[in-house]
Amino acid sequence: MKLKVLLLLSGIFLLAYFLRILFLPQNSLTFGYDQARDAVVSQEIVKGDFKILGPPSSTPGLYHGVFYYYFLAVPYAISKSPIVAAYWVAFWNTLTVFIVFALAWFLTRKARAALLASIFFAVSWESTQYATWLSNPTIGIWTVPLIYLGLWGWIKEKKLWGPALCGVGLGLSIQADIFLAYHLPPVLLWLWVARKNVSRNSTFLFAFSLIISISTLILSEIKFGFKGFSGVLHLATAQDAIVSSRGLGDFTVLFLNQIGKLFAFQTYPSNLGYGAGIVLVLIITALITWDRNQKISWEPFLATWLFSHITVVTVGGTSTPFLNVGTGPAVSILLGIMIYKWLQNKRVLAAALFLLVMVGNLSKTIKDNPRGSTIFAIQKDMLLSKQIAVIDYTYNNAGGNEFSINSVTSPLWINIVWAYLYDWHGNEKYGYTPTFHGKDQVGQVIALKTYEPTATNFLIIEPLAGIPPRFAQETISEEDSRSSILEEKHWGELVVQKRKLGGLR
């Protein structure tokens with residue numbers, strides 16, 4: 001690689017990392033139940049309590065891989081701070097710049113096209129959202145591109161590392177999210193198309209790499225009685241009421257909406273229609289101009305990647321945006337290649353599209369990222385900055401005395417988020433933690449000790465999205481029966497009531 005290209009690529013990497021961590025110093029980080037649970041489990045691994053079972057999926061019986069816990073154990077071995085973990089995750093997200101460059105270069109043999117693809121990934125608003133989202137699918141942002149880099153290196157470049165990298169990428173993607181196994185059909189499709197270039201030894205290397213990469217999933221299935229099969233059966237027999245009630249038209253609209261959001265989040269995220277339309281036009285243009293004499297060409301190769309999740313639409317779960325994790329880099333590569341081509345004879349159009357994508361993504365990043373992972377968060381104000389403000393408020397109002405808290409949470413009546421934050425921030429800063437006087441927390445991985453409410457106590461009410469209103473009101477009514485409100489403070493939708501025992505409001 002020429003020095004000039006290497007320097008430019010390094011600059012793009014630094015720009016990408018800057019954009020991803022831009023608001024971390026202000027604690028602009030979404031931190032909810034999943035993040036607290038994963039922090040606790042990762043720190044248990046650091047202490048020697050090794051795991052083979054990963055986070056649960058939305059389908060009963062199915063679990064994601066355990067790799068993410070070990071991945072997260074690295075920053076949590078350094079500090080209990082979620083911010084440190086976010087810097088770590090953002091760094092690995094940013095390394096995808098080099099994967100995007102490598103794949104775009106192999107597809108075109110044009111350094112400028114590859115650099116453009118890297119720039120588009122660097123500024124991608126969706127990718128900056130994934131960069132500080134502390135949840136297991138986020139590692140798919142770099143594991144999924146590894147699948148396709150390895151696949152192209154295998155079937156087109158005939159590189160020894162191709163099948164191994166493809167197998168590892170697919171295995172780690174399945175570890176990230178069990179449903180990312182939907183990338184296997186495109187792999188098998190291209191192996192059939194390029195079957196003359198696929199040897200028995202290379203197939204064995206791919207299969208061996210894949211099995212090693214998902215070995216913990218296999219072990220967990222054996223240890224826990226093959227519960228994954230019940231999860232697969234649950235999906236295959238359409239036991240999910242929502243899924244079984246949908247028709248072909250519903251799934252078609254769902255697929256188009258999901259893929260449209262994916263396209264827009266890389267191009268013009270402020271307008272989903274325009275953003276999606278731009279990418280669809282580029283895909284159609286690329287396929288129309290595809291030289292049919294070349295069966296293994298970048299145009300159909302990227303198309304199969306871009307539309308790969310169509311195979312899982314009918315089994316449900318596609319209402320979650322992270323099912324398309326790792327496909328965004330394919331959009332960046334498509335943009336880079338097409339704009340490079342247009343620079344030869346359609347410079348005005350190429351420049352206009354370049355500026356549109358850059359301004360659209362950068363403006364969205366500046367506008368939305370101070371509010372955390374807005375794509376994924378159901379409870380929008382579960383931000384670390386606001387949570388720390390709540391904790392400081394309770395300590396300052398307790399005046400150094402003991403106090404207790406109760407909470408209205410999602411999931412309902414599980415105080416793991418506040419238990420973790422009080423243990424980390426509260427205990428480190430103030431030297432003690434409050435007690436808890438709400439529902440029994442027996443069986444939770446971490447919890448504050450449960451006692452009767454103290455003279456000074458607080459009720460923390462999380463944003464009510466995802467919390468049934470009836471149950472939220474039930475907890476408030478219980479508090480009203482034994483204490484009265486002295487003060488109520490709001491941090492957006494995050495509410496804290498300072499209370500004293502006795503008397504009604």
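Predicted model: local features only at pLDDT ≥ 70, side-chain atom pairs only at ≥ 80, totals over all residues.
I started with Asp381, which counts as buried at 12% relative accessibility. My cut-offs here: buried is under 20% relative accessible area, exposed is over 50%, and partly exposed is in between, with a 1.4 Å probe and protein chains only. Residues are numbered from 1 along each chain as its sequence is written, and side-chain values use heavy atoms, with hydrogens and water left out.

**Asp381, continued**

I found Asp381 in the loop between helix 19 (347-368) and helix 20 (384-398). Helices (H or I, at least four residues) and strands (E, at least two) are DSSP runs, numbered from the N terminus. What does the side chain of Asp381 have a polar atom 2.7 Å from? I got the backbone nitrogen of Glu493. For contacts I used heavy atoms within 4.5 Å. Leaving aside neighbours within four places in sequence, I listed Lys386, Pro463, Trp491, Gly492, Glu493 and Leu494 as touching Asp381.

Next I looked up Val100, which sits in helix 5 (residues 96-108). Val100 is buried, at a relative accessible area of 1%. Beyond four places in sequence, I see Val100 in contact with Ala117, Ser118, Phe121, Pro329 and Ile333. I also checked Ala122: 22 residues from Val100 in sequence, and 9.9 Å away C-alpha to C-alpha.

**Salt bridges**

My rule was a side-chain nitrogen of Lys or Arg within 4 Å of a carboxyl oxygen of Asp or Glu. How many salt bridges does that give? I counted 14.

Arg109 and Glu157 form one at 2.3 Å, N to O. That pair links distant parts of the chain, 48 residues apart: Arg109 is in the loop between helix 5 and helix 6 (111-123), Glu157 in the loop between helix 8 and helix 9 (161-176). Arg109 is partly exposed at 42%, whereas Glu157 is buried at 17%.

Glu479 bridges to Arg482, with the closest N and O atoms 2.8 Å apart. Buried or partly exposed, I asked of Glu479? Glu479 is buried, at 1%, while Arg482 is partly exposed at 28%.

I also noted a salt-bridge network that links Asp34, Arg37 and Asp38.

**Strand 3**

Last, I went to strand 3 (residues 456-461), where five of the six residues are buried, so the strand is largely enclosed by the rest of the structure. I called two strands paired if DSSP finds at least two bridges between them. Strand 1 (residues 404-408) runs parallel to strand 3, joined by five bridges. With strand 5 (residues 494-501), strand 3 pairs antiparallel over six bridges. I traced Ile461 both ways: it is the bridge partner of Val408, and Ile461 stands opposite Val495 in strand 5.

Terms used: Polar contact = N/O pair within 3.5 Å; in protein donor to acceptor, adjacent residues only side chain to side chain.
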